[in-house]
Amino acid sequence: MIQRTPYADAFTYAIMVIGFLLLLGPFLVVLAGASQTMPQVNAVPFSFLPQGEFMKNASAAWARADLGTAMTNSLIMAALVTAGKVALSACTAFAIVFFRTPLKHVFFWSVFITLMLPLEVRVVPTYAVAADLFQPIKSILGFFGLEIGIEWNLLNSYAGLTLPLIATATGTFLYRQFFMTLPDELAEAARMDGSGSVRFFFDMLLPLSRTNMLALTTIMFVYGWNQYLWPLLMVTDPSYKTLMMSLLALLPSDNGIPDWNVTLAGSLIIMAPPVIVVAVLQRWFVRGLVSSEK
Amino acid sequence: MEKRAVFKSWWLPVLFALPQLVLILLFFYWPVAAVVNWAFTLEPPFGGAAEFVGFANFKEALSDPFYWNSVVVSLIFATVGPFFCIFIGLTLALAVDRQLPGSGFFRFFYILPFAIAGPAAGMAFRFILSPERGLAASINALSPDLWNPAKYGSHALALVIIIFIWKWSGYTFIFLLAGLQSVPRALGEAAAMDGAGPFRRAIDVQVPLLAPTLFFLLVTMMTEGFVGADTFGIVHSVTGGGPNHGTEVMVYRIVDEAFQGLNYSGASAQSIILIGLIMVFTFIQFRFIEKRVHYK
């Protein structure tokens, strides 16, 4: 506290409270609406008071959009994407930082350029690759007049849901950043003690990277859980549906009964897991965000 | 920065980098090569090999008024959205950074909206700002259709931008707060000694020192607004590009044209233009990061 400033303090609190209402208000509306009956949720003006209908609405939503299957799929997808990203980016960063090879620049820049290629602009051919993983090889061979008869279709599978999303520049840079801060003596000492690079990676680097991994895990879980476009395109079999795809199925039908209480209860179920992760692991989440963007 | 103590092996680094490189080749570079190929070729309507057509696909895309409509919509989305995200994030960060008792409580909550997927937030806001129910219905009670995103394109665009702002304000808040905390306290104290009150200190000391972070956020948020996953997700789940193309942002138009219109060549030409745009943004950002100011 530098000086006593009662008016400025009051103003600061007012700003913080307004910010709180603006950013948290939508949550409160969803919470209240999800626990009301249909006439209550459609009342104008809307009442922020929660009622006791949440369980009933939630189970109606659960049945309407088959959220059980979707929840399992979303969990599997988010877990696989997170694990894949945390593991593969560590390996790539290790190759970039700890080896004396001209290839490291190739590795770095090929990862970097992916930042400029969001899924939305390459969506059709990515879909084509997922439909047949050997399509690139076939096209190249086809150029030389060769044909092969193998095909590996990833559509409607967990591999297809996750593999195209696993490559990560953010994760690679986060590890790279961290590896660069380690003192050179660490690798020297390991070498003096007779440890090879592989052993150094598994026995020293990975244990040291624990906080880094936790930060990356939290941001990537949220990323994986919130994927929308990719599952929407490649999943046609309902048994592979994810929660994000179920959102539109939760809407009341256009000319039907406006049971928004059920829709809101369903949306709440879909929103809850990443919010809980960010709330509980906020320190790591923030660290991951801030340090990966440098 | 180079490491001195490095391991010498040519095949181990390749082995370590390979898994991710294979995924990148398969799902990034190959598809982009295909996009480039499609952008300059056209498949004959009755089958057969694709023909090279030069810049015809680009000319066709650029002569379509709906394309320019999507450019304008994207421009509005990617300037208004980031402006408010940064303004709200900055205001809240300046308030929280005064470290009054209880500000930790607020800081905890401000980041939570960022955890929610754009489409899920969209679903909530379809209710909250619906013309018939929720919070905005009271406005329509004054006079019908004062607010109706289902009918007016401008209202729908405002709606999707509000959702974007709601989700991303917490993100800018985090970066600006981190930036403020790295400004040495002594600067603020010195200004206070010279008689500057909290507002003057905020405007004349803290905000100018935040310039690098503000610029970084401006570029990041604009990129996010043009091509971010949330931009597509929010538009797709809330308005579907309508009403009357009023919310058809560039990414939505590309995906829609490819999968609904099956016009791969047209969509690819638009993709190339968008990739060019991202490259410009990334370049600007990188040029600036090189010169990034550090306070300590």
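## Two helices of chain A

In α12(A), the residues A:Thr218, A:Phe221, A:Val222 and A:Trp225 meet A:Pro273, A:Pro274, A:Val277 and A:Val278 in α15(A), where two residues are in contact if their C-beta atoms, placed from the backbone, lie within 7 Å, and where helices (H or I, at least four residues) and strands (E, at least two) are DSSP runs numbered from the N terminus. By class, this contact of α12(A) with α15(A) has 7 nonpolar, 1 polar and no charged residues; Ala, Val, Leu, Ile, Met, Phe, Trp, Tyr, Cys and Pro count as nonpolar, Asp, Glu, Lys and Arg as charged, and the others, Gly among them, as polar.

The axes of helix α12 (residues 210-225) and helix α15 (residues 260-280), both of chain A, come within 10 Å and cross at roughly 170°, which makes α12(A) roughly antiparallel to α15(A). Here the axes are lines fitted to C-alpha atoms, for helices over the stretch in contact, with angles running from 0 to 180 degrees between N-to-C directions; angles under 35 degrees count as roughly parallel, over 145 as roughly antiparallel, 65 to 115 as roughly perpendicular and the rest as oblique.

## The model and its confidence

This is a predicted model, in which local features need pLDDT of at least 70 and side-chain atom pairs count only at pLDDT 80 or more, while totals for chains, interfaces and linings use all residues. Residues are numbered from 1 along each chain as its sequence is written, and chains are lettered from A and ligands numbered from 1 in the order in which they are written.

For chain A the mean pLDDT (the predictor's confidence in each residue, from 0 to 100) is 87, and 98% of the residues of chain A reach 70 or more. Among the elements of chain A, the lowest mean pLDDT, 79, belongs to helix α7 (residues 135-143), and the highest, 93, to α4(A).

Chain B has 13 helices and 2 strands, and its C-alpha trace spans about 80 × 75 × 30 Å along its principal axes. Of the 296 residues of chain B, 48% count as buried; a residue is buried if 20 or more other C-beta atoms lie within 10 Å of its own, exposed if 12 or fewer, and partly exposed in between, with C-beta atoms placed from the backbone. Of the contacts in chain B with a separation of 6 or more, 69% are between residues 24 or more positions apart.

The contact between the chains takes 84 residues from chain A and 86 residues from chain B. On the side of chain B that touches chain A, helix α1 (residues 11-39) of chain B gives the most, with 18 residues, and by class that side has 66 nonpolar, 14 polar and 6 charged residues.

## The nonpolar core

The largest nonpolar core has 175 residues, and those with the most contacts inside it are A:Phe94, B:Ala93, B:Ala120, B:Phe125, B:Val160 and B:Ile163; such a core is a set of buried Ala, Val, Leu, Ile, Met, Phe, Trp, Tyr and Cys residues joined through C-beta atoms within 7 Å. Helix α7 (residues 153-181) of chain B supplies the largest share of this core, 18 residues. Leaving aside neighbours within four places in sequence, B:Ala120 is in contact with A:Leu247, A:Ser267, A:Ile270 and A:Met271.

## An enclosed helix

In helix α8 (residues 158-166) of chain A, 7 of the 9 residues are buried, so this helix is largely enclosed by the rest of the structure. The buried residues of α8(A), including A:Gly160, A:Leu161 and A:Ile166, pack against α4 (67-98), α6 (123-131) and α13 (229-234) of chain A together with α1 of chain B.

## Individual residues

Within helix α4 of chain A lies A:Ala93, which counts as buried with 29 C-beta neighbours inside 10 Å. Leaving aside neighbours within four places in sequence, A:Ala93 is in contact with A:Thr172, A:Tyr175, A:Arg176 and A:Phe179. The loop between α12 and α13 of chain A holds A:Asn226, which is buried, with 25 other C-beta atoms within 10 Å, and which touches A:Met244, A:Pro274 and B:Ala117, not counting residues up to four places away in sequence.

Most residues other than glycine have a negative phi. A:Asn156, in the loop between α7 and α8 of chain A, has a positive phi of about 55° although it is not a glycine, and counts as partly exposed with 15 C-beta neighbours inside 10 Å. B:Asn244, in the loop between α11 (229-238) and α12 (250-259) of chain B, has a positive phi of about 50° and is exposed, with 12 other C-beta atoms within 10 Å.
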